[in-house]
Amino acid sequence: MSNGIPRITTVTRNERFDKDFKSLPPDIQIAAKEAIKDLFKHPIPGSRRFHALQGYRNPKVFTIDILANHAYKISLEIEGQNANLRRVGTHKLIDRSA
């Protein structure tokens, strides 16, 4: 466990994530896939700015940046060693609907 985050061994997606993902430009889809791969690294690279969102206790909601300029990110819940991907989109979209 690093920073209270267990090692992530599986990733699942909800329907909303899949819908969001399909609407992303192709280059952002590729970058999002790379960010998802980084979820399996332990610890998750600091450049991804992986952190818990305030105000969510159960389940814990986290975000991870897709791009270095922080324009896009993914929101997810961690349940045990599984990361359940909730939303993907612009920083503004995720902060509004995490």
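Predicted model: local features only at pLDDT ≥ 70, side-chain atom pairs only at ≥ 80, totals over all residues.

Reader: Where does Thr63 lie, and which residues is Thr63 in contact with, leaving aside neighbours within four places in sequence?

Author: Helices (H or I, at least four residues) and strands (E, at least two) are DSSP runs, numbered from the N terminus. Thr63 belongs to strand β3. Contact means heavy atoms within 4.5 Å. Leaving aside neighbours within four places in sequence, the contacts of Thr63 include Phe50, His51, Lys73 and Ile94.

Reader: What is the order of the strands in the sheet?

Author: Two strands pair if DSSP finds at least two bridges between them. Here 5 strands form an open sheet in the order β1-β5-β4-β3-β2, and the pairing is mixed. At the edges stand β1 (10–13) and β2 (51–52); each has a single partner strand, so one side of each is left without a neighbour in the sheet.

Reader: How many bridges join β4 to β5, and how many join β1 to β5?

Author: β4 (residues 72–79) and β5 (residues 82–90) run antiparallel and are joined by 8 bridges. Glu77 stands opposite Asn84 in β5. The hairpin of β4 and β5 has 2 residues between the strands, and Gly80 takes a positive phi near 65° there. β1 and β5, by contrast, run parallel, with 4 bridges joining them. Thr10 has Asn82 in β5 as its bridge partner.

Reader: Why is β5 described as largely enclosed?

Author: Of the 9 residues of β5, 8 are buried, so β5 is largely enclosed by the rest of the structure.

Reader: Which strands does helix α1 lie across?

Author: For helix directions, axes are lines fitted to C-alpha atoms, for helices over the stretch in contact, and angles run from 0 to 180 degrees between N-to-C directions. Helix α1 (residues 15–23) lies across β1, β4 and β5, and runs at about 40° to β5. Helix α2 (residues 26–38) also packs on the sheet, where it touches β1, β3 (61–65), β4 and β5, and its direction makes about 35° with that of β4.

Reader: How many aromatic pairs does the structure hold?

Author: Rings of Phe, Tyr and Trp (its six-membered ring) pair if their centres lie within 6.5 Å; planes under 30 degrees apart count as stacked, over 60 as edge-to-face and the rest as tilted. The structure holds 2 such pairs. Phe17 and Phe21 are stacked, at 6.0 Å centre to centre with 25° between the planes. These two are 4 residues apart in helix α1, so about one helical turn separates Phe17 from Phe21. Phe50 and Phe62 are stacked too, at 5.1 Å centre to centre and 5° between the planes. This pair links distant parts of the chain: Phe50 is in the loop between α2 and β2, and Phe62 is in strand β3, 12 residues apart. Both Phe50 and Phe62 are buried.

Reader: What does Phe17 touch, not counting residues up to four places away in sequence?

Author: With that exclusion, Phe17 touches Ile36, Ile74, Leu85, Arg86, Arg87 and Val88. Phe17 counts as buried because its relative accessibility is 1%.

Definitions and conventions:
Residues numbered from 1 in each chain as written. Heavy atoms only, no water. Buried < 20%, exposed > 50% of the residue type's maximum accessible area, 1.4 Å probe, protein only.
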